[in-house]
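Subject: Handover of a structure for your review

Dear colleague,

Please find below the structure that I am handing over to you. My findings follow directly after it.

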Amino acid sequence: MANIIKLMDLLSDEEIRMQIALFESVNMGNVAREAGNRLLLGLADVANAFSETFTNKSVVNFEFTTTADAVMDRYIELQKTDRDELNDLCIKKTLDIYKEINGKEYTGDVKSPIYTKELVNIAAYNFNINKYKPLGSKLDEIEKNYEKMMLNAIYTKMSNLSNKDYLETVKLMDMALIHLSLENRQKLQRVLTPVSFNGKGVISALRKRKDLDKIKTVYEILGDNAFKMVDIDLSIIYATLRGLGRVSRCLIARFIYMLVKKSDTVFSIANEKLPSGNLDTVLDNYRHEDGIFREKLANQIAIQKKIDEKKKNESQIQNQAAKLEEEIESILKDFYEAKDDFSKLDAIKSDYLKRKRSSADSKVYYGKVNESKRKMDRFSDLAERKSNRLTELKTKLDEIKEDIRLEELNLDKAKAENKTEVDKKADELMKTYLKRFNRVKFEPGVFYNIVVRFSLDERLEIERFLLEIEEEDDYYSFDKSYVEILIFIGGRKTALLKMDDYLCKDII
């Protein structure tokens, strides 16, 4: 079960403190301010160098607090805070980011699976992870993507250490190496083969070639304490900004990365655990058989796609027609109001024709008459144009309905050719699902649709999503109402899942 708030129990007080310090101290304002300060520092260095050439004295003494300093200062302040308050502070910062991203307060229970889904989606967006994937898959991808950014940041940092940072990192690594077990010392020696088994040797070996697997092994053996991790974290945030990402999304991604790493759990459902799945070697044979079957269905699938497109087009035109009818009704209402005004004015025109009213009154009267007439003409023309357009749409709808009727006749013929094999596969799938699913129920027609509409690999993605619904917390509130959800099935393709209180009504 993946629940972000509950997984926080796995983190140490130190880890929670650092996450809060990053949440509170790292934002666009601070980052931009530091960039400006670094520019001023550079100018100050130039001025001092120029001055020292002639006077041997510095003329500018410019100092500023870096973002890393601010993070560490806040981290130290939080050492006096107990665990319950730390948890509350951390949750509050996630709620602040939720509001920043969504433009509104989160009003539900933060311990609910719905809040977990919201936080995961915030972080997943940072890495362009498909939003229609199962939540478990997104968790694992966030962890892998963030780790990759971290390992890249470590390599870049090791390759560009200032003299001060180099000496500090050597000291940290020497301390970490002293506390290694014999097994880990041997493993590190085998993986890294440093010239000397000390901090300098490790840094030198890491600099030789960018090898993320090697860096990962070294990081896992030596741990956070061997690196200046605040600098690494900030490097990741700067890289995110260069890619036009948001600081807040990156910080939530870091938070989730830590939780997934600490849980030591793979949250995505492996192929061999899926109802239609198996080991990859076996699946290769299944894919070959599925390919042959889908060739037989090619004509039926092509006709079905045509019908789906035409029905989609029909729905769009129906919506356009309904909107036009509303607009025409509103225009006609305005027309009859203008006509009524005109009739009232016309009823008293004799007074003006017989010059019984003053010149000023007559001028106002004829102005109103002309305005009413213009309104009538304008609304009449507009109603006529829209009525003509409505007639065109209705004619097009009739044509589409006839096309659908003819294509459905063709579909019936194609279905008849494949009926025996399709029915057999649908029946087998139904038996498999009835054994595997308990909470999720299925309408009988669902199995036929899955067999015909989706390839084996697409079906596996659908099953990955369905199994998450079956086995995990309710991330989608299926027990509350009828919902339609798009499911990632590979590439840029999605399937539409229709659910009503855990009853799967259709998948198309």
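Which element gives the most to the lining of the second largest pocket? In this predicted model, helix 15 does, with nine residues.

The pocket

The volume of the second largest pocket is about 700 Å³. Its lining is made up of 24 residues, and those that lie nearest the centre are Gln-304, Lys-305, Asp-308, Arg-453 and Ile-508. Two or more lining residues come from each of helix 15 (298-347), helix 17 (359-436), helix 18 (445-453), strand 2 and strand 3. By class, the lining of the second largest pocket holds 11 nonpolar residues, 11 charged residues and two polar ones.

The sheet

Strand 2 and strand 3, which contribute to that lining, also belong to an open sheet of four strands with mixed pairing, in the order 1-4-3-2. Strand 1 (441-442) and strand 2 (482-490) are the edge strands, each of them pairing on one side only. Helix 19 (residues 456-471) packs on the sheet and touches strand 1, strand 2, strand 3 and strand 4. The direction of helix 19 makes about 135 degrees with that of strand 2.

How many bridges join strand 2 and strand 3? There are eight, and the pairing is antiparallel. The two strands form a hairpin with two residues between them. Within the turn, Gly-491 has a positive phi of about 60 degrees. Gly-490 stands opposite Lys-493 of strand 3.

Strand 3 (residues 493-500) also runs antiparallel to strand 4 (residues 503-507), to which four bridges join it. Lys-498 has Asp-506 in strand 4 as its bridge partner. As a general point for reading the sheet, side chains in a regular strand alternate between the two faces.

The chain as a whole

The secondary structure of the chain comes to 19 helices and four strands. Why is the chain described as more spread out than a compact globule? For 508 residues the globule rule gives 23 Å, whereas the radius of gyration is 34 Å, well over that value, so the chain is more spread out than a compact globule. The C-alpha trace spans about 110 × 80 × 45 Å along the principal axes of the chain.

Yours sincerely

How values were computed: Residues are numbered from 1 along each chain as its sequence is written. This is a predicted model: local features need pLDDT of at least 70, side-chain atom pairs count only at pLDDT 80 or more; totals for chains, interfaces and linings use all residues. Side-chain values use heavy atoms; hydrogens and water are left out. Two strands pair if DSSP finds at least two bridges between them. Contact means heavy atoms within 4.5 Å. Axes are lines fitted to C-alpha atoms, for helices over the stretch in contact, and angles run from 0 to 180 degrees between N-to-C directions. On a 1 Å grid over the protein atoms alone, a cavity is a set of points where a 1.4 Å probe fits but cannot get out, and a pocket is an open set with protein on both sides within 12 Å along at least five of seven lines; lining residues have an atom within 4 Å of a point. Grid points are joined across faces, edges and corners, and a volume is the space filled by probe spheres set on the points. Ala, Val, Leu, Ile, Met, Phe, Trp, Tyr, Cys and Pro count as nonpolar, Asp, Glu, Lys and Arg as charged, and the others, Gly among them, as polar. The radius of gyration is taken over C-alpha atoms; the globule rule is 2.2 Å times the number of residues to the power 0.38.
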